[in-house]
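Student: I have a model open and want to learn how to read it. Can we go feature by feature?

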Amino acid sequence: MSGLASAANIPELRKRAVFTLLMLLVYRMGVQIPTPGINGEALAAFFAQNASTLFGMFNMFSGGALENFSIFALGIMPYISASIIIQLLTVVIPQLESLKKEGAMGQRKITKYTRFGTVGLALVQGFFIATGLESMASPSGAPVVLHPGLQFKLMTVLTLTSGTSFIMWLGEQMTERGIGNGISMIIYAGIIARMPAAVVNAIQIIQAGEIQFIIVPMLLAMMFGVIALVVYFETAQRRIPVQYAKRVVGRKVYGGQASHLPLKINIAGVIPPIFASSIMMFPATIGNFIQIKWVQEMSAALSPGTLYYYLLDVGMIVFFCFFYTAVTFNPDEVAENLKKNGGFIPGIRPGKKSAEFIDKVLIRLTVVGAIYLAAVCVLPTILIHRFNVPFYFGGTALLIVVGVAIDTIAKVQSHLVMRNYEGFMKSAKFKGR
């Protein structure tokens, strides 16, 4: 809090904070602008009936834009999907891997490919959504699309793709001229915007007597405890000590200092829960459109609250934790870089032995991180279906909110440190010969 108070007195940080808030305001205004040709009441009734399917998940990431079917209905999900696809392709395609190693120039090319991929995915998703909307109806039978046809499809695809492209531009502008990562801030704003309604709904349910008032302090204590646990795991590190050997170059001596290699417990971040949730919600989504007996039985068996749902969800989170960590972190490459720079782990030989040691530590950290992610993501379904808690708490939304908050605070602190360092350099008087 003292850091945030100090940030308010710095003109540059004030400008960045105001710019970020204005961009988020523009985003929230766009969420309220509906796409033409949609029956809003019928669509809201449809989403109320299918809140536990993929539609509910995408609606959460879009901040309610999909439920209103606004011009930002696709949200930032096409950009996230394109980024993940490009990141995975860097392991398979040598050209992309070489671009990744070229520094800033290569990163600009990868960013350009990600933008093209975002537009392509938005076009495809927009077409399928427009086609699916034409066959949707509210529980009362009212059609969602007022005038279906080719004209509606073209208009919807163009509107949704333009909306996603604009959000992508907003995110990049916020990253460059604001505070924190712009894309993460947009997702964060969409989740936070739905919290006041959830709080009001919970208060009304408590007043109605559906939840005993004596349980409320226990729920609040549990919520703060879970948030503290998430903060602890998201900031925890395993620091592997690294020693750099002394090197004599000309008349100067380089190296000889001790450092460390920081490894986060949750290296994969929120990617495993997002992948697992998407797959787990797929059967429930299919069950709403295909009225076949075995499909309905499978959908019921894999619905939230069942034992099969818990087991499969936990299994997929663990699998994606190991898969994504293996894709994004290469122990052999890290060990080779240490060897080239004259660094070594005390007691471990440089090269292959160092890579094996780092890999061993990484596996243990991934096990702990996977258990932590699985516990946080299974928590909401247990609270809702076993203890009749009337609101959603935990899961991917909580991980994103806490992660973005921690990242934003870190960015503010880095600006403060840089400013204090520059002030120290200006105020200090150095005398040279």
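Student: Which residue stands opposite Tyr244 in strand 5?

Tutor: Gly343 in strand 5 stands opposite Tyr244. A word on the source before we go on. This is a predicted model: local features need pLDDT of at least 70, side-chain atom pairs count only at pLDDT 80 or more, and totals for chains, interfaces and linings use all residues. Residues are numbered from 1 along each chain as its sequence is written, and side-chain values use heavy atoms, with hydrogens and water left out.

Student: What does the protein contain in helices and strands?

Tutor: The secondary structure comes to 18 helices and 5 strands. Helices (H or I, at least four residues) and strands (E, at least two) are DSSP runs, numbered from the N terminus.

Student: In what order do the strands of the open sheet lie?

Tutor: The general idea is that strands of a sheet pair through backbone hydrogen bonds, either parallel or antiparallel. Here 3 strands form an open sheet in the order 4-1-5, with antiparallel pairing. Its edges are strand 4 (258-264) and strand 5 (343-344), each pairing on one side only. Two strands pair if DSSP finds at least two bridges between them. Strand 1 and strand 4 have 7 bridges. Strand 1 (residues 237-244) is joined to strand 5 by 2 bridges.

Student: Which residues does Gln243 face?

Tutor: In strand 5, Gln243 stands opposite Phe344. In strand 4, the bridge partner of Gln243 is Ala258.

Student: What does Arg238 touch?

Tutor: Arg238 is in strand 1. Contact means heavy atoms within 4.5 Å. Leaving aside neighbours within four places in sequence, Arg238 is in contact with Leu261, Pro262, Leu263, Phe357, Val361 and Leu365.

Student: Is Arg238 buried or partly exposed?

Tutor: Partly exposed, at a relative accessible area of 34%. The cut-offs: buried means under 20% relative accessible area, exposed over 50%, partly exposed in between (1.4 Å probe, protein chains only). Of the 433 residues of the protein, 40% count as buried.

Student: Where is Thr325, and what are its contacts?

Tutor: Thr325 lies in helix 15 (residues 307-328). Thr325 counts as buried because its relative accessibility is 3%. Not counting residues up to four places away in sequence, Thr325 touches Ile267, Ala268, Leu362 and Thr366.

Student: How many aromatic pairs are there?

Tutor: A pair of aromatic rings is described by the distance of the centres and the angle of the planes. Rings of Phe, Tyr and Trp (its six-membered ring) pair if their centres lie within 6.5 Å; planes under 30 degrees apart count as stacked, over 60 as edge-to-face and the rest as tilted. The whole structure holds 8 aromatic pairs. One of them is Phe72 with Phe166, stacked, 6.0 Å centre to centre and 15° between the planes. Phe72 lies in the loop between helix 5 (65-68) and helix 6, and Phe166 in helix 9 (residues 150-177), so the pair ties together parts 94 residues apart in sequence. Phe72 is buried at 4% relative accessibility, while Phe166 is partly exposed at 34%. Ring pairs also link Tyr27, Phe72, Phe166 and Trp169 into a cluster.

Student: Why does the pair of Phe233 and Tyr372 count as stacked?

Tutor: The ring centres of Phe233 and Tyr372 are 4.6 Å apart and the planes are at 10°, so the pair is stacked. Phe233 is in helix 12 (residues 215-235) and Tyr372 in helix 17 (residues 352-386), 139 residues apart. Both Phe233 and Tyr372 are buried.

Student: How many salt bridges does the structure hold?

Tutor: Side chains of opposite charge can pair when their charged atoms come close. A salt bridge is a side-chain nitrogen of Lys or Arg within 4 Å of a carboxyl oxygen of Asp or Glu. The structure holds 4. Among them is Glu134 with Lys153, the closest N and O atoms being 2.7 Å apart. Glu134 lies in helix 8 (residues 104-134) and Lys153 in helix 9, so this pair ties together parts 19 residues apart in sequence. Glu134 is partly exposed at 24%, whereas Lys153 is buried at 17%.
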